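These are notes for a colleague who is opening this structure for the first time. Please read them with the structure in view.

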Amino acid sequence: MRKITCPCEQVFNADIPEKVDLDQDTDALDKLMDGSLLSCICPTCNAELNLDLPLTVSWPSRKATIVMVPEMERLALVSGTLSPKKNAMYVVGYAELADRTAVLRDGLEPVVIEALKYRLLQKAKETDPQKNPVAFYEKRDESGELEFHIHGIRETEVAVTRIPSRLYDSILGDWKANPDREDYTALHVGSYLSVRNILLEDSSDA
Ligand SMILES: [Zn+2]
């Protein structure tokens, strides 16, 4: 149970987990992917609340623990004031959690996915430098292509982009051969791996 405060000012307790184990709780993966894991209905105003609360997702069969910190703690995470748990990967906000979970579900290498996002976002930025798009991994389709969704190119639309598996494989090979090259290491800030670590720097230079 967690104490929730609705924008209508109602305070109530809701059955929202602080941690889930995706091997033990067989419904949790579906709930995580459809967004219902951290949502609840306010008993007073009936609003559906999508909560920006911390959550730890363990997935022993994938040898992974993902710690999601709320969007408002992004700065604490990247500035190092938040002391991270050992052997955990960090994500910020629910969208990044769903993204990373999908990457692990599909047996992909997170750093390669972030490097692919960098290429996609760079291309979008070249087309329209005014925009600040964000990209999320969705799924691998039957043909092996990787589907990404890019938000923020147009106001209300999501652009769907597919990356051929041979491009993924070639970047995977390149990363394995050069894991210490700067374009890969720059994606990491401590245990937080995200293409946003690079884009944040870009925007402060501008
Ligand atoms: Zn309410």
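1. Val92 is part of strand β8 (strands are DSSP runs of E with at least two residues, helices are runs of H or I with at least four, and both are numbered from the N terminus). Val92 counts as buried because it has 22 C-beta neighbours inside 10 Å. The cut-offs are 20 or more other C-beta atoms within 10 Å for buried, 12 or fewer for exposed, and partly exposed in between, with C-beta atoms placed from the backbone. Apart from neighbours within four places in sequence, Val92 is in contact with Val69, Glu71, Arg74 and Leu77 (contact: C-beta atoms, placed from the backbone, within 7 Å). From Val92 to Ala177 there are 85 residues in sequence and 29 Å in space, C-alpha to C-alpha.

2. The model is predicted: local features need pLDDT of at least 70 and side-chain atom pairs count only at pLDDT 80 or more, while totals for chains, interfaces and linings use all residues. Residue numbers start from 1 along each chain as its sequence is written.

3. Helix α3 covers residues 93-105. Its 13 residues should span 18 Å at 1.5 Å a residue, and the end C-alpha atoms are 18 Å apart, which agrees; the expected span is 1.5 Å times one less than the number of residues. Among the buried residues of α3 are Tyr94, Leu97 and Val103, and also Glu96, Asp99 and Arg100. Their cover includes α1 (28-34), β6 (55-59), β7 (64-69), β8 (89-92), α4 and β9. Just after α3, Gly107 has a positive phi of about 70°.

4. Which helix does α4 cross? Helix α4 (residues 110-127) and helix α5 (residues 165-177) have axes that come within 10 Å and cross at roughly 115°. Axes are lines fitted to C-alpha atoms, for helices over the stretch in contact, with angles from 0 to 180 degrees between N-to-C directions. The crossing is right-handed, that is, the near helix is turned clockwise from the far one by less than a right angle. Val111, Val112, Ala115 and Leu116 of α4 meet Tyr168, Ile171, Leu172 and Trp175 of α5. By class, this contact has 8 nonpolar, no polar and no charged residues (nonpolar: Ala, Val, Leu, Ile, Met, Phe, Trp, Tyr, Cys and Pro; charged: Asp, Glu, Lys and Arg; polar: the others, Gly among them).

5. Three strands form an open sheet in the order β9-β10-β11, with antiparallel pairing (strands pair if DSSP finds at least two bridges between them). β9 (134-140) and β11 (158-163) are the edge strands, each pairing on one side only. Neighbouring strands are turned by 25° against each other on average, direction ignored.

6. β9 and β10 are joined by 6 bridges, and β10 (residues 146-151) pairs with β11 over 6 bridges. Phe148 stands opposite Tyr137 on one side and opposite Thr161 in β11 on the other. The β9-β10 hairpin has 5 residues between its strands, including Gly144 with a positive phi near 95°. The β10-β11 hairpin has 6, and Gly152 in its turn has a positive phi of about 95°.

7. In a regular strand, side chains alternate between the two faces of the sheet.

Conventions
Contact = placed C-beta atoms within 7 Å.
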